[in-house]
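Let's take a walk through this one, helix by helix. Have the structure open and follow along.

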Amino acid sequence: EIIEISDSVLLSICKKSILIERKNEAMRKCVELNNYGIEQERNGDISAAIKAYEENTDSSYITCVPFDRLMVLYRKLKDYDNEIRIINKAIDVLCTKYPNLKDKYIQRLEKAQKLKSKIKPL
């Protein structure tokens with residue numbers, strides 16, 4: 001049996017298919033960058049890990065991993081300015097998708113600001 005589909009329905013299906021493929025590609029790239037960052041951390045190349053995670057914070061497919069790893073890495077480096085920047089970005093970008101994480105990031109922000117305030121200027 002042959003089913004006829006109108007041009008408008010066919011166009012709608014094609015557009016949806018393209019959107020799904022774009023989302024899948026963004027997800028693949030996100031996973032790839034996260035895995036690369038984790039691998040670089042294990043290899044001791046923190047700057048390469050940071051670069052990969054930073055790139056992932058601008059992805060169209062947002063996850064917690066790059067934000068959380070950057071917070072940890074910047075804290076270890078005592079780079080509180082970048083840690084604070086990433087926490088604020090997580091609150092702005094990530095918490096719109098996952099509002100239940102906001103309290104976690106606000107607490108982390110308060111701790112980072114407190115640690116930064118303890119640093120003596122040169």
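Which hand does the crossing have where H2 passes H3? It is left-handed. Keep in mind that what you're looking at is a predicted model, and let's stay with this pair for a moment. H2 and H3, the latter covering residues 64-76, pack at an angle of about 145 degrees, and their axes are 9 Å apart. If you want to find the spot, look on the H2 side for Ile46, Ala49, Ile50, Tyr53, Glu54 and Asn56. Across from them, H3 brings in Pro66, Arg69, Leu70, Leu73 and Tyr74. Sorted by class, that contact has 8 nonpolar residues, 1 polar and 2 charged.

Helix H1, residues 7-42, packs against H2 at an angle of about 160 degrees, with the two axes 7 Å apart. Angles over 145 degrees count as roughly antiparallel, so H1 is roughly antiparallel to H2. The crossing of H1 and H2 is left-handed. H1 supplies Lys29, Cys30, Leu33, Asn34, Tyr36, Gly37, Ile38, Gln40 and Glu41 to this meeting, while H2 answers with Ile46, Ala48, Ala49, Ala52, Tyr53, Glu55 and Asn56. Here the tally by class is 9 nonpolar, 4 polar and 3 charged.

H4 passes H5 in a left-handed crossing. On H4, the residues making the contact are Tyr80, Asp81, Glu83, Ile84, Ile87, Asn88, Ala90, Ile91, Leu94 and Cys95. Their partners on H5 are Lys102, Tyr105, Ile106, Arg108, Leu109, Ala112, Gln113, Leu115 and Lys116. In the contact of H4 with H5, 12 residues are nonpolar, 2 polar and 5 charged.

One last stop is a side-chain detail. What lies over the face of tyrosine 61? That's lysine 97, sitting 5.1 Å from the ring centre. As for rings pairing with each other, where centres have to lie within 6.5 Å, the count comes to 0 aromatic pairs.

Conventions:
Residues are numbered from 1 along each chain as its sequence is written. This is a predicted model: local features need pLDDT of at least 70, side-chain atom pairs count only at pLDDT 80 or more; totals for chains, interfaces and linings use all residues. Side-chain values use heavy atoms; hydrogens and water are left out. A crossing is left-handed if the near helix is turned anticlockwise from the far one by less than a right angle, and right-handed if clockwise. Helices (H or I, at least four residues) and strands (E, at least two) are DSSP runs, numbered from the N terminus. Contact means heavy atoms within 4.5 Å. Ala, Val, Leu, Ile, Met, Phe, Trp, Tyr, Cys and Pro count as nonpolar, Asp, Glu, Lys and Arg as charged, and the others, Gly among them, as polar. Rings of Phe, Tyr and Trp (its six-membered ring) pair if their centres lie within 6.5 Å; planes under 30 degrees apart count as stacked, over 60 as edge-to-face and the rest as tilted. A charge sits over a ring if NZ of Lys or CZ of Arg is within 6 Å of the ring centre and within 35 degrees of the ring normal. Axes are lines fitted to C-alpha atoms, for helices over the stretch in contact, and angles run from 0 to 180 degrees between N-to-C directions. Angles under 35 degrees count as roughly parallel, over 145 as roughly antiparallel, 65 to 115 as roughly perpendicular and the rest as oblique.
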